[in-house]
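Here is a short report on chain interfaces and salt bridges. Please read it alongside the sequence and the coordinates.

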Amino acid sequence: MNYIDRIGERLIVFIENIKSFGRFMATVVRRFLSLYSEKKINADVLVRQVYFTGFEAFWLVSIIAFGIGALIILQGNIILSTFGQTKLMYVLLVTVVIRELSSILTALIVIARSGTSICTELGNMKVSHEIDLLQSYGISPINYLVISRVFGVVVALFTLTIYFNIISILGGWFFTSFFYPIPFKDFMMHLIGELSVGDLLISVIKSVFFGFFIALISCYQGLQVVVARTEVPQRTIRAVVQSILAVIVIDILITYIYYLVL
Amino acid sequence: MLTLKNISFRHKEQTVLDSINYHFEPNKTYTITGGLSSGKSTLLKITGGLIPPTEGIVCFRERDIQTKGLEREIHRKIGYVFQEGVLISNLSVEENIGLPVKYLLPNSNRDEQRIRVKEMLSRFRVDSSYLDKRPCSIPASIRKTVNFAIAFILQPEVLMVDDPLFNLNKPEREAVIRELTNFKRSGGTMILTGNSERIIKDLTDEVIYLNEGKIQYSDKPELFFTSTDSELSQFVTEEIGD
Amino acid sequence: MDQKTKRTYRVTGFFVLVASISLLLLVIFIAFKQNAFTKKITYYTTLDNVVGITTSSPIIFKGYEIGRIKNYKLNKNNEIEVEFIVFQEFAHLMIEDSVLDKNVHPITGRGTLEFVMNRSSDKLIAEKSFVLSSDSNQGRKALQANQEHGSSEPISSLINKLERFVSNLGRDDNYDEGSFFRMIYNMAEVAEGLDKGIENLNRILISLQTEETKDDGVLFRTLNNFADLAEEMKITNSLLANNLVKLNSLLENYEHPEGLLSKMLDPTGMDIIQPLSESLLLLQKSLREISELMEFANDHAPELLLLMSESKKTLNEIQKTVEGINSNPLIRGGITKPDTPVPGSKIRVE
């Protein structure tokens, strides 16, 4: 087989994978939209997913958010004070942390914790015939396993991103007060002067899309496991890589659309 | 009751099942036998609607078993027990029983349900101390008997069991055979797989011998054991036993 | 539901609820702070370009946000039609012939529209009316008029305001898309040009005083030099006046300067402010001497009067500028916007 044949073959496999994922996504969305009438969403799975992905990651996210807020102020102060533009620190905090880093970093934490665990869990369920068991009860694995997880991760990521924003602002204020003793109220007034509703909403809108795709990719890769336990880690690696790529691509798309609309 | 129409199943390049046609009558017990990797379990899974065939359709009362939207209705009537005891690993045994009961019997009386669950667990010799345990912390044989208990709690019309006696200890085996016999007597349809002589002799009305993806033989068990076909008699001699 | 599950439900519910309520409150608070719930009145203007301007760029009056840009589009005349809103509470500022003056911050690239109110009238304009912008000729004239009406401080306040000017250099008011560095450069060049001009003038005057009766040829040469000098000064004067017009509009609207920039650019005032004011004073002094020189030339060579009339005009303009500065450029019509200088249109004496 020559080189061009190999490229062609890879391309076909790639397109097939995209089509397969597209079909999976369409099924999940269709089932999700018909949930209200069918009430198939499993509250227990949903709540557990939000608890695991959201609440249990809260401290990790908090520490990172506090640190990032502080670091931005620290670095920003060093650079901006050299030309008397320390006022721009608020702009920096809004543009860098709230608009970009909050959703991206939270998404990366969720990929590392929950994306991997969802993929491993579903992969192992597939190997141990638990998916078949659900089907034998007439329970759709998409309804029972995927939708609740996707919805759970979306809710958790959305929530974590809000906490990230709030805590990074606190971190920012805490470190600002090292350089200039500034009351929290004044700090917030300056910050809100630079912060628009759009900035805040764009960060949570991103988190919803990130959550959706991270969970969807992780579930999809988990369910792609066929029989062998050795497939599980391989699929998990793929889930992580594809989730990170998806997050970056979606981030660029949403940011582009945001600036296009404005 | 159940009809297999031109069923084929291929996995990657390998043909597992090749154009199988068969009709399962109600109130009868069928046992699918065959050598290692002959496709017994695959045929049972396809018949039970767990995996779609590559070609052909399975009809349950003249309706395609894979029809979307009929899952709950069909699986309410077909009970399925896996070869190895399978339970959802992140739910306790009690939750594992509750999941299909809640889903498939949503309108039944809670108290009656509880009584039936308790009764079924004792019939299959499942100790109530296992109820709040996770599947990974209980023996495989108990997992399988819990599977049986769940299947019977749901009161199916057709019961499909993949190798009923696999992984079971003697007391549990006896309990399973006793319950399957009762089910048969009460007019239930059963489709079993495996090469257990006792199952074939005591329970089966019709034996299906699967070889190289095709049904090679299908008749009464008496004739199965006395067949003159050299290949079949060799299989009976070598593979059938307890 | 067992205790553990109950606790999970409670914790998760609380976790999600607190975040959602915080977001909601923050959004409402920001929207409130940014006048999202205030009644708004729409007006229109046109701009040459919208560099740095977005759909939420503020309309500023005396450093206070009184409105915001709502929308803009490019029309067939290649102008940008801008729709903007003014908050109800500031509707009383919308007086006829008020002007919007576009500024772009050179570091953040953010644009603002300065609202320069016409104080000579009290006639309010209707909703959806057209408001002049400094990108149009009419707008520029109105801007100048509004600014001249706006203040009554003496020349010393100009020097004081320069401190603020330097701090606000970030706000670029240069029509032909320059930056504040260009403004600084222009200022420095004007000051230097004046210095040179005055130096030359002194030399000529000295040479005239010592050689005036000896040789008529000297007079011709002197007049030739003088014409060159006058032309140079005419250009310098145009630049000076131009910069001072810009200076006025910059100084007008800012109340809270950031001190660091002025310190960084001109910490002692020695680089720009002092040389400029010194040059201006010197120029004024020299002008009187030039007048005397012209009178002298007129007496001795009346046929040159015609040739000198152009130079005389230039000198008048310089006189006007300097008078304007000394008496305060912001009032009494001290500075008129200069015509663009045409280099090379020098008067030559055969």
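## Chain C against chain A

This is a predicted model. In it, 29 residues of chain C are in contact with 32 residues of chain A. The two chains bury about 2,800 Å² between them. Carbon and sulfur atoms account for 75% of that area. On the chain C side, the residues that lose the most area to chain A are Y9(C), F15(C) and L23(C). Together they make up 22% of what that side buries.

Polar links are also counted here. There are 4 residue pairs in polar contact between chain C and chain A, both members at pLDDT 80 or more.

Which elements of chain C each supply at least two residues to the side that touches chain A? They are α1 (3-33) and α6 (259-265) of chain C. The most comes from α1(C), with 19 residues. By class, this side of chain C has 17 nonpolar, 8 polar and 4 charged residues.

## Chain A against chain B

Here 20 residues of chain A are in contact with 25 residues of chain B. The buried area is about 1,800 Å². Carbon and sulfur atoms give 59% of it. L133(A), S136(A) and Y137(A) supply 32% of the area that chain A buries against chain B, more than any other three residues.

The rule finds 2 salt bridges across the interface of chain A and chain B. There are 5 residue pairs in polar contact between these chains, both members at pLDDT 80 or more. On the side of chain A that touches chain B, α5 (88-127), α6 and α7 (141-179) of chain A give two or more residues. The largest share, 6 residues, comes from α6(A). By class, this side of chain A has 7 nonpolar, 6 polar and 7 charged residues.

## Salt bridges

A search of the whole structure finds 23 salt bridges over all chains.

| Pair | N to O distance |
|---|---|
| K45(B) and D132(A) | 3.3 Å |
| R48(A) and E95(B) | 3.5 Å |
| D111(B) and R114(B) | 3.4 Å |
| R198(B) and D202(B) | 3.8 Å |

Why does the pair K45(B) and D132(A) join two chains? K45(B) lies in helix α1 (residues 40-47) of chain B and D132(A) in helix α6 (residues 130-136) of chain A, so the bridge runs from one chain to the other. Both K45(B) and D132(A) are buried.

D111(B) and R114(B) sit in one helix, α4 (residues 110-123) of chain B. They are 3 residues apart, so about one helical turn separates them. R114(B) counts as exposed, because its relative accessibility is 54%.

R198(B) and D202(B) both lie in helix α7 (residues 197-203) of chain B. They are 4 residues apart, about one turn of the helix. R198(B) counts as partly exposed, because its relative accessibility is 29%.

Chain B also holds a network. Salt bridges that share partners join E119(B), R123(B), R178(B) and E179(B) into one network.

Conventions: Residues are numbered from 1 along each chain as its sequence is written. Chains are lettered from A and ligands numbered from 1 in the order in which they are written. This is a predicted model: local features need pLDDT of at least 70, side-chain atom pairs count only at pLDDT 80 or more; totals for chains, interfaces and linings use all residues. Side-chain values use heavy atoms; hydrogens and water are left out. Contact means heavy atoms within 4.5 Å. Buried area is the accessible area (1.4 Å probe) that two parts lose on being put together, summed over both. A polar contact is a pair of N or O atoms within 3.5 Å; within protein, one must be able to donate a hydrogen and the other to accept it, and residues adjacent in sequence count only if both atoms are side-chain atoms. Ala, Val, Leu, Ile, Met, Phe, Trp, Tyr, Cys and Pro count as nonpolar, Asp, Glu, Lys and Arg as charged, and the others, Gly among them, as polar. A salt bridge is a side-chain nitrogen of Lys or Arg within 4 Å of a carboxyl oxygen of Asp or Glu. Buried means under 20% relative accessible area, exposed over 50%, partly exposed in between (1.4 Å probe, protein chains only).
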